[in-house]
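Please look over the sequence and the structure shown below before reading on. The briefing that follows is grouped by topic.

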Amino acid sequence: MTGTTDRAAPGRVWSGPAQLVLGLAAAVLVSGTGLFLAAVFLHVAPDNVLSRQYRDEVDGVVYPEFEQNWKLFAPNPLQQNVSLDARVRTVADGGATRTRDWIGLTARDIAAIRGNPAPSHVDQNLLRRAWDFYDGSHDPQDEKPTSSRGRLAEQYLKRIALQRIGREVGGERVLEIEFRVTTATVPPPSWSGETGPSAPKVRELPWWPVGDEDYRGLG
Amino acid sequence: MNEASAVEPVEVPGFPRQLPGPPVVPPVPVAPRGPVAALGRAMGTFTGRALGRHQAAVVRIGFGLVWLAYLLREWPNRRVLYGDRSPWSMELAQRLLADDGAFTVLPWFGGRLWFELVYHLAVLAALAVLLGWRTRASTVLFLVTVLSLQNRDVLLGDGGDNVVHLMAVYLVFTRCAEVWSLDARRVGPGRSGVVLWALLGAALAICQAGDFSGDSLTWTAPTFPHIGWAPLFWGLWAVAGFWWLLGRLRPAGEPRAVLDALANMVHNCAMLVIATEVVLVYATAGWYKVQGSRWQDGTALYYPLHLDYFTPWPALSGLVGSALLPVFLISYATVALQVAFPFTLMNRRVKNVLLAVMMAEHLGIAVVLGLPVFSLAMVAADAVFLPTGALLWAAQRLGRLRRRLVGAP
């Protein structure tokens, strides 16, 4: 490898201008890489004096494309099975309304996952994470949104359920929908000597009206 | 596009085209001592070689494969996940996107046709990345399609999607097709590169000029570091054109060698970022676990094995979590491994053993917890730390197997 090839080899002798270009580029690249990695580090590290000092800069680099969270099963693994049910109120042609039975939305997800070596995101993530989104943006006492994204979460959850339930139940049009969330703590292993968990907690959401526009694009 | 790889003598161990000979080591001049000389040598390595090109190739193949498999697996569900039938309607998506400014081309036209086009382009891009075909262009298409689909509904993803998302960005900056790729096997630059370059330039110009792209292809961004997507795409496009032009006009000139050195430097920085990213994944996963009461009392492993969403095989999960001693040992070993990983990088042998254990653990997670995409993405990311010798050995075995199957001499 000598100066006559087009490749940069470790032993190559560069001209002055080439040295200048390469030196500048090296300085920019090394410092840029260092700053980027520092920002990612401060993003994944616990909240600290340095990340508070440079919050805007770190967030500017990391959001939206380099956001990451590696607290996988940490500090503790999830120990609760959350399951969502929905029921609807339907209206007959004459105007009489009827409240239908609970439909196990999570139960259907689980049934699709059982025995499946490659579960779909539709069954494993869609409803599960939509509930996390709702839960994180609402006050569990009065079900009022606590952030501007709360309304989006409500729409999302409603549309996921409506897509699975359809426009009609028992030949009658869906008028309203209600969710019920049962949170059951996984009982500790028998050999751990711990006492069993308390009874599952049930949380009921208010009835939400269902309109034609809620079905838009659901197919 | 990736002209440089065509100029270099093809080195494809394990493939029948060429028998793997002894590696060509450039003569190292007897180096003077001292800090200045050391800096000079470091600079020589930094500019002169694409470090870890086999590892880069494996990461490229791994992520191309993971995303391709995912897209094909979800093909029947694609419209519900990212398309016109998504419960996360385009209107909801746009309200969130207006807030966080994530990059996606899907809202540009919204309808089904455009979505199908993007989804199938994503499949082709993943295949091209996997095969290493026109990698300079296909990694960019990979980036665009991965971000477009994932950012259409960020609420769908899990850790696996997150890793693919990050690597899709980092891979653009690596020279990941120097070995084990169609690019490396090509003799001469070929015609398709020029055609692809012109097509992509025209497509980019249309997107840039059209009103439909909204604020997604800006030159600057309102927040720090104030860089939009346009400089990246146009920059990559311009460099590819300049590279080709110099190859035609002055193939033996210094400017071409400077470009080659710049590409090496960018590659080396990107490989450092990929490696650090993997270290951060394990380090944070481990350090946060140390604080967890369930990891401390040694029962942590038991709980994920009893979550309905992560037990495709309840009998198997029950078996794994059935006895005190194995649950305790695996829980403690997991934390120890993850916390120790960054420090084992200083010792090759220990690092390799740990890497093998981690890959095995991820394969276990793939089956037991029903998370194959996440697990394979993690294995692909781990591959950046695999020793070159092991990769060459595996490639040779694969090549031999292939020859036996194809029946070639």
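**A residue to start from**

F328(B) is found in helix α15 of chain B, which covers residues 324–344; helices here are DSSP runs of H or I with at least four residues, strands are runs of E with at least two, and both are numbered from the N terminus. The model is a predicted one, in which local features need pLDDT of at least 70 and side-chain atom pairs count only at pLDDT 80 or more, whereas totals for chains, interfaces and linings use all residues. Residues are numbered from 1 along each chain as its sequence is written, and chains are lettered from A and ligands numbered from 1 in the order in which they are written.

- F328(B) has 17 C-beta neighbours inside 10 Å and therefore counts as partly exposed; a residue is buried with 20 or more other C-beta atoms within 10 Å of its own, exposed with 12 or fewer, and partly exposed in between, the C-beta atoms being placed from the backbone.
- Between the C-alpha atoms of F328(B) and M43(B), which are 285 residues apart along the chain, the separation is 48 Å.

**Chain B as a whole**

- Chain B contains 18 helices and zero strands.
- Its radius of gyration is 23 Å, close to the 22 Å that the globule rule gives for 409 residues, so chain B is as compact as a globular protein of that length; the radius is taken over C-alpha atoms, and the rule is 2.2 Å times the number of residues to the power 0.38.
- The C-alpha trace of chain B spans about 70 × 60 × 55 Å along its principal axes, and 45% of the 409 residues are buried.
- Of the contacts in chain B with a separation of 6 or more, 73% are between residues 24 or more positions apart, two residues being in contact if their C-beta atoms, placed from the backbone, lie within 7 Å.

**Chain A as a whole**

- Chain A has six helices and seven strands, which run from the N terminus in the order α-α-α-β-β-β-α-α-α-β-β-β-β.
- The radius of gyration of chain A is 27 Å, while a compact globule of 219 residues would have one near 17 Å.
- Buried residues account for 22% of the 219 residues of chain A.
- An unreviewed UniProt entry lists residues 20–45 of chain A as "transmembrane region", and annotations of this kind may be inferred rather than shown by experiment; in the model this span is 96% helix and 0% strand, with its end C-alpha atoms 37 Å apart.

**Where the chains meet**

- The contact takes 78 residues from chain B and 76 residues from chain A.
- On the side of chain B that touches chain A, α12(B) gives the most, with 20 residues.
- The residues of that side divide into 44 nonpolar, 20 polar and 14 charged, where Ala, Val, Leu, Ile, Met, Phe, Trp, Tyr, Cys and Pro count as nonpolar, Asp, Glu, Lys and Arg as charged, and the others, Gly among them, as polar.

**The largest nonpolar core**

- The largest nonpolar core has 138 residues, and those with the most contacts inside it are V59(B), M167(B) and A377(B); such a core is a set of buried Ala, Val, Leu, Ile, Met, Phe, Trp, Tyr and Cys residues joined through C-beta atoms within 7 Å.
- The largest share of this core, 18 residues, comes from α12(B).
- Leaving aside residues up to four places away in sequence, M167(B) touches V59(B), F63(B), I274(B) and A381(B).
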